[in-house]
Every structure is written in C-alpha cells, then in structure tokens.
Amino acid sequence: MISMYPDHGQNWGQAYPGPRQAPAQQQWGGGTGWNPPAPLPGLMPNDRPARHSWEIPLLVAAVVLTVVAYVAAIAALFLGVVSTWVLIVLVAPILIAVGRGQLYGSQQVNGIKMTPTQFPDGYRMVAEAAARFGMAEPPDAYVVLGNGRINAFASGHGFRRFVVVYSDLFEIGGEAREPDALAFIIGHEVGHIAAGHASYWRQLGQFAANYIPVVGSALFRSMEYTADNHGFCVRPQGARGAMGVLGAGKYLVSVVGFDELADRATTERGFFPWFVNLLSGHPVLTWRAAALRNRTRHGHLFVKPGQIYRDPLQLQYAGDPAGPVTR
C-alpha cells in the first residue's frame, strides 16, 4: 500500500476514463446486445467519491427541524414553560461540545495512536485514504480494545479530526485473512471526515434528527452510503470482506458468500425486513452489499432493491470472476 492507487492486477494509477461498456462476450442475456447500465460518476475507483443523492435533502430537513425545535424551546422558555425537552434542546450546543471533547480526550489518554512504528499498516491506510480524498493532512487514528466487538468510528473536537478502530478489526488485517477489508473500513471512516460528517456545526444542525426516527435514520443511512462510496474508492476489493466481517465476524469472514448476501436484498421480502431498515441508522447488510455490488445507482434508502445483477465491469473492480448472473 505504498501507492495512493494500489495496483492489484488492475491499472489503478490512471484516472477512471468514464462509463464503459462490458465486453461483448459478457453482455446480458448470453450476447443479446443489451449491456448493463454505465456506472454513476463517483461510484467507481479513481472517481471523486460521490455523496449519496439523498444526503443533502435529508440534512436540510434535519436542520429545519432543529431550528424549529430551538424556536419552540425558546418560546416555551419565555412563556414560563420549562420541561425536560426544552432543557435538552437549549443545552444541546454545550452537551455536544463537551461530549466531543471528552471522546477525543479519551482516545488521547487511553487509545494506542497509529504511527509509523505502532500499527504501521493502519497508519499507512489512513494516510492513503486522506490523500485519496484530497485532505491536507491525515486525521489522528487510534486503536482501542475491542473485546470481541467489531466497530470503528470517526469524530472530531475543535479543528481536530480522528478515527478510532477497535482492535478486533486488526485481526482481519493480517496476511492470512482480509487486509483489504481493513483498508475499506478505514477508508469508510476517513470518508466520514472528508464528507464533513464529523463537524461540530453539522452535528449540532442535525441534532433534532436524533429524535425523529424516520427522518433521522434515513439521514444517517445516507451518510453511511456516502462513507461506503469513499471506502470503495480507496479499496474496492475490500468491500466484500468488510461486509463479511460485519455479518459473520473476524474468524468466519472468509466463508461468507458476498454475492449470496447481496442477492438476498431482493429475496428477503415482507413488512418487517423493510421496517427494520426504515428505523436503522445503518443500511441493513443485504441492501448495503447490493449497493456495493451495483455501482450504477446510489444505495436504496426506503424501498428494497429490485433487480440485482452481477455486472462484469463492476465486479472487475471488486475482484470477482466476471460472468453475468441475472435475476
């Protein structure tokens, strides 16, 4: 991972030239002449990572709701009506600032900081992702004790931004397992920072969304899809391993069938699979895998994916053997 665009059997060093057609022998329908749709800009390696198409509209809605909440809280205070929600809204700017500072301070005194001599592979992955996204300097990065938990997150305090990776994720980073999965996950977290998700003002502006299930959860899902786009642009072949470790853990990641997982986005039907996604702050795993495989559109937020196919062009970037499979 010395190069910013690592060459894993592909010509990653050249800029992605734009939409291309799949080779004729890999056309749909056994050579019927119908090619898969072209990938969207920002969803392929060497593109500038795309923000999910719903993120900004949902953010605007969240900010409007937050402003309404503040106006209502101030009006209630002037009218002498003091309640728990009024107090929470009014002190939210302080609570958010203190919480962010405390979280950063905890990493400073308890986390193991990634450096060229401590977790050097992780350090290089963070630097690679930051350079890929045009950041002036890489964020601080820390490893914390996972105790079996698979997690990572990004946040900030003041002008500082940082990434935290649970130690268990590094156990998928060795040569015997899935180093590309770790690079994808780190790229995802650095992507949150590059997309502005770790900003204090952004977190304050979307404060009300934390208490409005459908609007808030949809906004957070769109942000996760945005971060996935960043992770994919850094290490596309790590997408399947990342989904595998999220679904089955660090030891069973190698036996997870990524395509089976993505295909189930269309076959798991009914009200409650849809309802679980609707209330979730992360896209459900099957929908998320489907979005990472199909780079011709942004990930689904509200309606389950329809036709799912294996596009040989897209799977070339994901490291999967070419071969069309239609549903």
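Start with the greasy spot on the outside: V214, F271, F272, W274, F275 and L279 form a nonpolar surface patch, with about 570 Å² of accessible area together. Helix α10, residues 271-279, supplies the largest share of that patch, five residues. Keep in mind that this is a predicted model. Elsewhere there is an open sheet of four strands with mixed pairing, and the salt-bridge count comes to 13.

- F271 is one of the patch residues, and its place is in helix α10.
- How exposed is F271? With a relative accessible area of 47%, F271 counts as partly exposed, because the exposed class only starts over 50%.
- An α-helix has 3.6 residues a turn, so residues three or four places apart point the same way. That's handy to have in mind when you look at the patch residues F271, F272, W274, F275 and L279.

**The sheet**

- The strand order is β1-β2-β4-β3. At the edges sit β1 (112-113) and β3 (152-157), each pairing on one side only.
- Strands of a sheet pair through backbone hydrogen bonds, either parallel or antiparallel.
- β1 and strand β2 (residues 140-144) run antiparallel and are joined by two bridges. I112 has V143 in β2 as its bridge partner.
- Between β2 and β4 the pairing is parallel, over five bridges.
- β3 and β4 go together in the antiparallel sense, with six bridges. H157 has R160 of β4 as its bridge partner.
- The hairpin of β3 and β4 has two residues between the strands, and G158 takes a positive phi there, near 65°.
- Is strand β4 mostly covered or mostly exposed? Mostly covered: of the seven residues in β4 (160-166), five are buried.

**Salt bridges across the sequence**

- R202 and E55 meet through their side chains in a salt bridge, at 2.9 Å from N to O. R202 belongs to helix α6 (residues 200-205) and E55 to helix α1 (residues 55-78), so this pair ties together parts that are 147 residues apart in sequence.
- Both R202 and E55 are buried. They also belong to a network of salt bridges that links R51, E55 and R202.
- K113 and D140 form another side-chain salt bridge, at 3.7 Å from N to O. K113 is in strand β1 and D140 in strand β2, so the pair ties together parts 27 residues apart in sequence.
- What about cover for the K113 side of the pair? K113 counts as partly exposed, at 36% relative accessibility, whereas D140 counts as buried, at 10%.
- R235 and E128 make a side-chain salt bridge as well, with 3.5 Å from N to O. This one links distant parts of the chain, 107 residues apart: R235 is in the loop between α7 and α8 (239-248), and E128 is in helix α3 (residues 120-132).
- R235 and E128 are both buried.

**Helices and the inside**

- Helix α7 runs over residues 213-234, 22 residues in total. From its first C-alpha to its last it reaches 31 Å, close to the 32 Å expected at 1.5 Å a residue.
- How many residues of α7 are buried? The number is 18 of the 22, so α7 is largely enclosed by the rest of the structure.
- V190 has its place in helix α5 (residues 179-194). Its relative accessible area is 0%, so V190 is buried.
- V190 and P138 are 52 residues apart in sequence, yet their C-alpha atoms are 8.5 Å apart in space.
- T266 is in helix α9 (residues 258-267). It counts as buried because its relative accessible area is 7%, and the cut-off for that class is under 20%.
- What does the side chain of T266 have at 2.9 Å? A polar atom of the T266 side chain lies 2.9 Å from the backbone oxygen of D263.

Notes. Residues are numbered from 1 along each chain as its sequence is written. This is a predicted model: local features need pLDDT of at least 70, side-chain atom pairs count only at pLDDT 80 or more; totals for chains, interfaces and linings use all residues. Side-chain values use heavy atoms; hydrogens and water are left out. Patches are made of residues with over 30% relative accessible area and no salt bridge: like charges are joined within 9 Å, nonpolar side chains (Val, Leu, Ile, Met, Phe, Trp, Tyr) within 5 Å. Accessible areas come from the Shrake-Rupley method with a 1.4 Å probe; for residues, only the protein chains shown count as cover. A salt bridge is a side-chain nitrogen of Lys or Arg within 4 Å of a carboxyl oxygen of Asp or Glu. Buried means under 20% relative accessible area, exposed over 50%, partly exposed in between (1.4 Å probe, protein chains only). A polar contact is a pair of N or O atoms within 3.5 Å; within protein, one must be able to donate a hydrogen and the other to accept it, and residues adjacent in sequence count only if both atoms are side-chain atoms. Two strands pair if DSSP finds at least two bridges between them. The expected span of a helix is 1.5 Å times one less than its number of residues.
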